[in-house]
Amino acid sequence: MYTEECIYTFLKNQGQLFDEPVAETYEEAEEFLEDCMAVVLDSLKEVKQYLDELGADVDGMSLDDIRDASEVFELPDGTWLVVEG
């Protein structure tokens, strides 16, 4: 379900969301993303809409604010991974 680059990006950058690593290997990272039902979205506008639908207070947030949110990971292909911590 998740691309290799998506999993490696999360594994490398998980510290932006968590104080301690939640995964140490590729397989653990993949399992973690599946367990928390992380999503990959095509644009920051979609990320903002997704977070709004989850009930997050994003009304006053700009797309730059969304980009800087700890649960949002920019992927190398230009898509966005959202991981609920």
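Helices (H or I, at least four residues) and strands (E, at least two) are taken here as DSSP runs, numbered from the N terminus. The structure is a predicted model, in which local features need pLDDT of at least 70 and side-chain atom pairs count only at pLDDT 80 or more, while totals for chains, interfaces and linings use all residues. Residues are numbered from 1 along each chain as its sequence is written, and side-chain values use heavy atoms, with hydrogens and water left out.

**The sheet**

Three strands form an open sheet in the order S1-S3-S2, with antiparallel pairing, where two strands pair if DSSP finds at least two bridges between them. Strand S1 (39-41) and strand S2 (72-74) stand at the edges with a single partner strand each, so one side of each is left without a neighbour in the sheet. On average, and with direction ignored, neighbouring strands of this sheet are turned by 25° against each other; axes are lines fitted to C-alpha atoms, for helices over the stretch in contact, and angles run from 0 to 180 degrees between N-to-C directions. S1 and S3 run antiparallel and are joined by three bridges, and Leu41 stands opposite Trp80 in S3.

Helix H3 (residues 44-53) packs on this sheet and touches S1, S2 and S3, its direction making about 15° with that of S3; contact means heavy atoms within 4.5 Å.

In helix H2 (residues 26-35) the buried residues are Tyr26, Ala29 and Leu33, buried meaning under 20% relative accessible area, exposed over 50% and partly exposed in between (1.4 Å probe, protein chains only). These residues lie on the same side of H2 because they cover an arc of only 65° around the axis, the arc being that of the directions from the helix axis to the C-beta atoms. They pack against helix H1 (4-13) and strand S3 (80-82), whereas Glu27 and Asp35 are exposed on the other side of H2.

H3 has Leu44, Val47, Tyr50 and Leu51 as buried residues. Their arc around the axis is only 115°, which puts them on the same side of H3. They pack against S1, helix H4 (63-67), S2 and S3, while the face turned away from this buried side carries the exposed residues Lys45 and Glu53.

**After the helices**

A residue with positive phi is found just after H2 and just after H3, as listed below.

| Residue | Position | Phi |
|---|---|---|
| Met37 | just after H2 | about 55° |
| Gly55 | just after H3 | about 100° |
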